[in-house]
Amino acid sequence: VPVIFGDMSDPEVLEMLNEYFTLMEKVVKRNMGIIDKYVGDEIMAIYGAVDNNQDDEENACRTAIEMVKELKKMNDRRIKDGKTPIRIGIGINSGKVTAGMLGSRNRMNYTVIGDTVNMASRLCDAGGSHGFTPIIISDDTYQYVKHIVKVRSGPQIAVKGKEKPVRIYELLGILDRKICHKIKLGIDTSSN
């Protein structure tokens, strides 16, 4: 999840990112995800790498929707304090990854790598840009959650490293499993 921010000084960026990462870490953990790493202004979260279950894609989608809601609250506070609001793009992809320790002899970190991870990163870049909503899911993810999500089918987009364009979906809402009603992202889609 990369963060898009306006003209801020370096200390302001660090303060904002620390606040943002703290909020989002809680959302990821609440939905059974693991923060793999922070890459600059980006959070990489994984689901199912340690304890694979049938709800991994659902949990990732719930995380994304909750992240957007938390960001709205954070931005409301930032605007009230005269600070610049920030935008994010979220990409969710499903598939096989290679998991393990990566690094040098002196510093190793557990991580996941592979085409699935690369695709999620490319989807992040599309989220919140080019007229898309902040959350973009791949067709692979959509096939797992199509019975519980509301999406807008996006176009096929060209993705670096892929020969053919890939189908994407903009995630707009998800069925709340506790009270059986849709949690909506709050994005007006009537004009589209």
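Me: In this predicted model, what is the relative accessible area of arginine 77?
Reply: The model is predicted, not experimental. Buried would need under 20%, exposed over 50%. Arginine 77 falls in between and counts as partly exposed, with a relative accessible area of 40%.

Me: Which residue meets the side chain of arginine 77 in a salt bridge?
Reply: Side chains of opposite charge can pair when their charged atoms come close. Here the N to O distance is 3.6 Å.

Me: How many residues apart in sequence are the parts tied together by glutamate 19 and arginine 77?
Reply: Glutamate 19 lies in helix H1. Arginine 77 lies in helix H2, residues 56-80. The pair therefore ties together parts whose separation in sequence is 58 residues.

Me: Which helix holds both glutamate 70 and lysine 73?
Reply: Their side chains meet in a salt bridge at 3.4 Å, N to O. Glutamate 70 is buried at 18%, whereas lysine 73 is partly exposed at 47%. They sit three residues apart, about one turn of the helix, and that helix is H2.

Me: Is aspartate 36 buried or exposed?
Reply: Its side chain meets that of lysine 37 in a salt bridge, 2.7 Å from N to O. Lysine 37 is partly exposed at 30%. The cut-off for buried is under 20%. At 13% relative accessible area, aspartate 36 is buried.

Me: What length does helix H1 reach from its first C-alpha to its last?
Reply: H1 covers residues 10-30, which is 21 residues. At 1.5 Å a residue, 30 Å is expected. The helix comes close to that, reaching 30 Å.

Methods:
Residues are numbered from 1 along each chain as its sequence is written. This is a predicted model: local features need pLDDT of at least 70, side-chain atom pairs count only at pLDDT 80 or more; totals for chains, interfaces and linings use all residues. Side-chain values use heavy atoms; hydrogens and water are left out. Helices (H or I, at least four residues) and strands (E, at least two) are DSSP runs, numbered from the N terminus. The expected span of a helix is 1.5 Å times one less than its number of residues. A salt bridge is a side-chain nitrogen of Lys or Arg within 4 Å of a carboxyl oxygen of Asp or Glu. Buried means under 20% relative accessible area, exposed over 50%, partly exposed in between (1.4 Å probe, protein chains only).
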